[in-house]
Amino acid sequence: MDYSIISAPDQRTRSSWGAKHFGPVPRFKPERWEFRIFGATAMHDITSFSLDQFQNLPKSQVSADLHCVSKWTWPGNVWSGVKASTLLDLVPPATDVTHIMVWAEYGYSANLRLSDVLYGDAIFATHNHGERLSLPHGFPLRLVVPHLYGYKGPKWVRGIEYMTSDRRGFWEERGYHNIGEVQYEQRYSYDEGPDQGPPL
């Protein structure tokens, strides 16, 4: 699928992106930064990457618009970083994993179906248009899932938890749609079908 032109109904185009987030911008301390993959891993262990180790992982580039649930779209982005599928290949989930929780600074979280990150162009981005992300935009790492609204892609990401059942993340517990697909306008929890998320 060409995520750069994904159908995005009822969205307004913007020529720049805002820096929306809940809470303050965290201080970046490179010597303490760590990315962890844990939960229901195939090897039943925890894998950690230091900043240097993460930066040395295979790099990818994804062309994709950024869609905000508040109905604006910033088109024509080029994201660089480590594809989610690369991380899942390096640290495989157990066979019964169905979802992941992406954890970020201050305990922020977003839940996703495993298929959203395993088969698509989801990328843990470090750069946009060749420029390093700014701190307000998620430096050193933010998740971009092109076919989902932006709240499903946390800034200041610190790890992935593999899960064998679904569990709501931060905004999903506060009234936002559990899946958040842009083309279906899945914005709020009251639009969820019976099999689209755990009870609130």
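Rings of Phe, Tyr and Trp (for Trp, its six-membered ring) pair if their centres lie within 6.5 Å; planes under 30 degrees apart count as stacked, over 60 as edge-to-face and the rest as tilted. The model on screen is predicted, so local features need pLDDT of at least 70 and side-chain atom pairs count only at pLDDT 80 or more, while totals for chains, interfaces and linings use all residues. Residues are numbered from 1 along each chain as its sequence is written, and side-chain values use heavy atoms, with hydrogens and water left out.

**Stop 1: the aromatic rings**

Select Y108, Y151, F170, W171, Y176, Y188 and Y190, which form one aromatic cluster. A search of the whole structure finds 13 aromatic pairs. In the pair F170 and W171 the ring centres are 5.0 Å apart and the planes stand at 90°, so this pair is edge-to-face. Buried means under 20% relative accessible area, exposed over 50%, and partly exposed in between (1.4 Å probe, protein chains only). F170 counts as buried at 12% relative accessibility, whereas W171, at 24%, counts as partly exposed.

**Stop 2: the sheet**

Next, show the strands. Helices (H or I, at least four residues) and strands (E, at least two) are DSSP runs, numbered from the N terminus. Two strands pair if DSSP finds at least two bridges between them. Look for an open sheet of 5 strands with mixed pairing, in the order 3-2-13-8-9. Strand 3 (47–50) and strand 9 (109–113) are at the edges with a single partner strand each, so one side of each has no neighbour in the sheet.

Which strands does strand 2 pair with? Strand 2 (residues 34–39) runs antiparallel to strand 3, joined by 4 bridges, and parallel to strand 13, also by 4 bridges. Select I37 to see both sides: its bridge partner in strand 3 is T47, and in strand 13 it is I160.

Now move to strand 13 (157–163). Strand 13 and strand 8 pair in the antiparallel sense over 6 bridges; one of the partner pairs is A104 and V157.

**Stop 3: the core around F35**

A nonpolar core is a set of buried Ala, Val, Leu, Ile, Met, Phe, Trp, Tyr and Cys residues joined through side-chain atoms within 4.5 Å. The largest one has 28 residues, and F35, F54, L87, F124 and I160 have the most contacts inside it. Elements that give two or more residues to this core include helix 1 (51–55), helix 2 (84–90) and helix 3 (114–118). Apart from it lies another core, of 12 residues, among them V62, A64, L66 and C68.

Centre the view on F35, which counts as buried at 0% relative accessibility. Contact means heavy atoms within 4.5 Å. Beyond its neighbours within four places in sequence, F35 is in contact with residues including F54, L87, F124 and I160. F35 and F49 form a tilted aromatic pair, 6.5 Å centre to centre with 55° between the planes. F35 lies in strand 2 and F49 in strand 3, so the pair ties together parts that are 14 residues apart in sequence.

**Stop 4: Q11**

Finally, select Q11, in the segment before strand 1 (12–13). Is Q11 buried or exposed? At 15% relative accessibility, Q11 counts as buried.
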